[in-house]
Structure formats: structure tokens, C-alpha cells
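Subject: Structure handover and notes

Dear colleague,

I am passing on to you the structure we spoke of, with its sequence, and would be glad if you read the notes below with the coordinates open beside them.

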Amino acid sequence: MNKSKVIDINNITAGYDNHKIALKNINLSIYENDFIGIIGPNGGGKTTLLKVILGLLKPFSGEIKYYSDEKEHFIGYLPQFKLIDEKFPIIVKDVILSGLSSKKSIFKAISKEDNNKLEKIMEEIKITDLKNRAIGSLSGGQLQRVFLARAIISNPKILILDEPNTFVDKKFSSTLYDLLRELNKNMTIILVSHDLGTIPQYVKSIACVNQTLHYHPTSEITEDMIDAYACPLEVLAHGPVPHRIILKHGGNKDD
Ligand SMILES: Nc1ncnc2c1ncn2[C@@H]1O[C@H](COP(=O)(O)OP(=O)(O)OP(=O)(O)O)[C@@H](O)[C@H]1O
């Protein structure tokens with residue numbers, strides 16, 4: 001079966017003002033219905049890669065191609081979590097609705113169709129009871145759900161999540177992954193995570209990012225990836241780790 005490409009990253013080198021290079025000669029092709037887990041050490045360049053994909057950071061060199069007719073709702077993005085000032089005067093439903101159009105004023109009356117989308121998404125993510133709460137009054141996990149709802153309400157072709165597990169509780173964590181699996185039927189998902197114990201069960205492939213990018217077309221995390229890319233080893237030691245994800249390099253064939 002031939003899958004269509006949605007994004008092609010060719011030989012990208014990127015970094016910041018001081019000419020500090022965060023990513024060097026990165027190549028990655030992303031296809032429809034991919035579910036890519038991005039792992040790597042702190043400061044390895046994961047968020048920088050997302051910024052390049054989102055068009056928020058112009059690379060020093062290289063090229064990124066997008067394959068889509070529709071620009072506006074091509075990518076939904078759940079950013080890395082930041083606490084919000086508790087006086088921030090916006091309520092939950094307006095935050096979620098702002099994911100439908102960047103141009104629409106939050107004071108404009110919402111259409112019936114948009115309202116239906118809002119109700120449906122809040123039910124799916126189990127935040128209906130938060131609908132009229134000021135976002136500054138929410139807990140970290142609640143806020144993260146609200147931003148997830150905002151990222152997917154427009155039904156984007158690609159969903160990008162940066163560390164979505166930081167604040168959610170264990171119970172919502174499995175709901176979140178089940179939801180992502182469901183969304184993945186119609187959406188490409190790119191997920192940055194340190195949660196090495198969990199992501200192999202959900203993602204279809206893994207990209208290790210530590211200034212360079214190494215793509216692994218399976219969801220197994222091998223010792224090799226951990227050694228070469230200094231991925232956070234301690235996470236593997238926490239809790240029950242499915243045996244199948246710990247393989248030696250070439251373990252599939254030789255062991
Ligand atoms: N705005 C910035 N200005 C200058 N340097 C930056 C900026 N943002 C990130 N960096 C640097 O770029 C490198 C890559 O950072 P990045 O945030 O992409 O890493 P990361 O893999 O997402 O890390 P973490 O897992 O800690 O979130 C780091 O050395 C970081 O200090």
C-alpha cells in the first residue's frame with residue numbers, strides 16, 4: 001500500500017540567534033497515518049524540531065515541504081505545558097473554539113455547527129464540566145486537556161504533541177493514549193515524550209533526536225538508542241517495562 005507523504009524534511013540545520021546549532025542535517029519523511037514518537041535527551045533538539053515543522057523557526061539551511069491543499073487547519077499543536085497566570089481572563093470554551101479559526105473573534109456569536117463540535121470534543125476529553133471555568137483556575141492536567149481539545153477541534157491532518165504527559169494523572173494518561181490511537185486512524189501524530197515505558201505501545205515508529213536524527217521504523221526501543229542518544233535511562237527503570245521493548249541492537253535477528 002502506498003502511503004502519501006504529508007511532510008518532507010530535507011537536510012535541515014537549525015538553531016538560534018547566537019548561531020548555536022540545535023539540529024544538524026536532519027532528514028525525515030512523514031506519511032499519512034504515521035504515529036511517530038520523538039525521543040532524546042534534554043536539550044537534544046526535540047522542541048526545536050517541532051518549531052521547524054510548525055514554521056515557527058526558520059532553519060539555517062535545508063528545506064521542508066508540506067503536502068496539503070489546506071493550509072489553515074493542516075497542523076494541530078499541543079505545546080509543552082506552561083502554567084498560565086491565574087488572572088488570565090478567558091474561559092475554557094473560548095480557548096477551545098479559538099482552535100477553529102485564527103481569524104474569528106472570540107466575541108463573535110458561534111455557529112450551531114461550531115457549538116456541536118465544541119460539545120462533542122469536550123465530551124470526548126471529559127471536560128464538559130469545565131466549559132465556563134476561567135482557564136487560570138484550572139489544574140495542570142485540566143489545562144492540558146483543554147489545550148488538547150483546542151488542538152484537535154479543527155480536525156487537522158497532523159497533530160503534534162510536545163510532552164503531553166507532564167501533568168496528566170495516570171487515569172487520563174491511558175485515556176489520552178486511547179484517544180490518540182483513535183485519532184490516528186484519520187490523523188498523522190507526532191509525539192514528543194520522555195515516557196519511554198509507555199510510548200512504544202502506542203507509536204508506530206521512533207525518531208531519536210540528539211542534534212542529529214535517527215529514524216527507526218519500528219516502535220521498539222533498543223539499548224542502542226539509549227546508549228547512542230543518551231535517552232533518559234532512568235525512565236526505563238521506573239515501573240513495569242514491557243519486556244519486548246528492551247532489545248539489543250540487531251536483537252531481532254541474532255538473539
Ligand atoms: N530560544 C532559544 N534561544 C537559544 N537557544 C535555545 C532556545 N531554545 C532552545 N535552545 C537551545 O537549543 C537546544 C535544543 O533545545 P530544545 O528545547 O529543542 O531541546 P529539547 O530536546 O526539546 O529539550 P527538553 O527535553 O529539555 O524539552 C538546547 O541546547 C537549548 O538550550
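What follows is an account of what was found in it, going from the whole chain to single elements and residues.

Please keep in mind throughout that this is a predicted model. The chain has 255 residues, of which 34% count as buried, and its secondary structure comes to 8 helices and 9 strands. Among contacts with a separation of 6 or more, 71% are accounted for by residues 24 or more positions apart.

Strand β3, residues 35-39, is mostly covered, since 5 of its 5 residues are buried. In a regular strand the side chains alternate between the two faces of the sheet. In β3 both faces are covered, with Phe35, Gly37 and Ile39 buried on one side and Ile36 and Ile38 buried on the other. Towards strand β7 (residues 188-192), β3 is joined by 4 bridges, and the two run parallel; here Phe35 stands opposite Ile189. Towards strand β8 (residues 205-210), there are again 4 bridges and a parallel run, with Gly37 opposite Ile206 and Ile39 having Cys208 as its bridge partner.

With 17 other C-beta atoms within 10 Å, His216 is partly exposed. From Gln80 it is separated by 136 residues in sequence and by 24 Å in space, C-alpha to C-alpha.

**The surroundings of the ligand**

Which residues are around the ligand? They are Tyr16, Lys20, Ala22, Gly40, Asn42, Gly43, Gly44, Gly45, Lys46, Thr47 and Thr48. By class, this shell has 2 nonpolar, 7 polar and 2 charged residues, and its largest share, 3 residues, comes from helix α1 (residues 46-54). Within α1, the residues Lys46, Thr48, Leu49, Leu50, Val52 and Ile53 are buried, and just after this helix Gly55 takes a positive phi of about 75°.

Gly43, which is among the residues around the ligand, has its place in the loop between β3 and α1. Is Gly43 buried or exposed? It counts as exposed, because 11 C-beta neighbours lie inside 10 Å and a residue with 12 or fewer falls in that class. Ala22, also one of the residues around the ligand, lies 21 residues from Gly43 along the chain, and their C-alpha atoms are separated by 8.2 Å.

**The three-stranded sheet**

A further open sheet has 3 strands in the order β2-β1-β4, with antiparallel pairing. Here β2 (21-31) and β4 (61-66) stand at the edges with a single partner strand each, so that each has one side left without a neighbour in the sheet. The twist from one strand to the next averages 15°. Strand β1 (residues 5-15) pairs with β2 in the antiparallel sense over 7 bridges, and Lys5 stands opposite Tyr31 in β2.

With best regards

How values were computed:
Residues are numbered from 1 along each chain as its sequence is written. This is a predicted model: local features need pLDDT of at least 70, side-chain atom pairs count only at pLDDT 80 or more; totals for chains, interfaces and linings use all residues. A residue is near a molecule or strand if its C-beta atom, placed from the backbone, lies within 6 Å of it. Ala, Val, Leu, Ile, Met, Phe, Trp, Tyr, Cys and Pro count as nonpolar, Asp, Glu, Lys and Arg as charged, and the others, Gly among them, as polar. A residue is buried if 20 or more other C-beta atoms lie within 10 Å of its own, exposed if 12 or fewer, and partly exposed in between; C-beta atoms are placed from the backbone. Two strands pair if DSSP finds at least two bridges between them. Two residues are in contact if their C-beta atoms, placed from the backbone, lie within 7 Å. Axes are lines fitted to C-alpha atoms, for helices over the stretch in contact, and angles run from 0 to 180 degrees between N-to-C directions.
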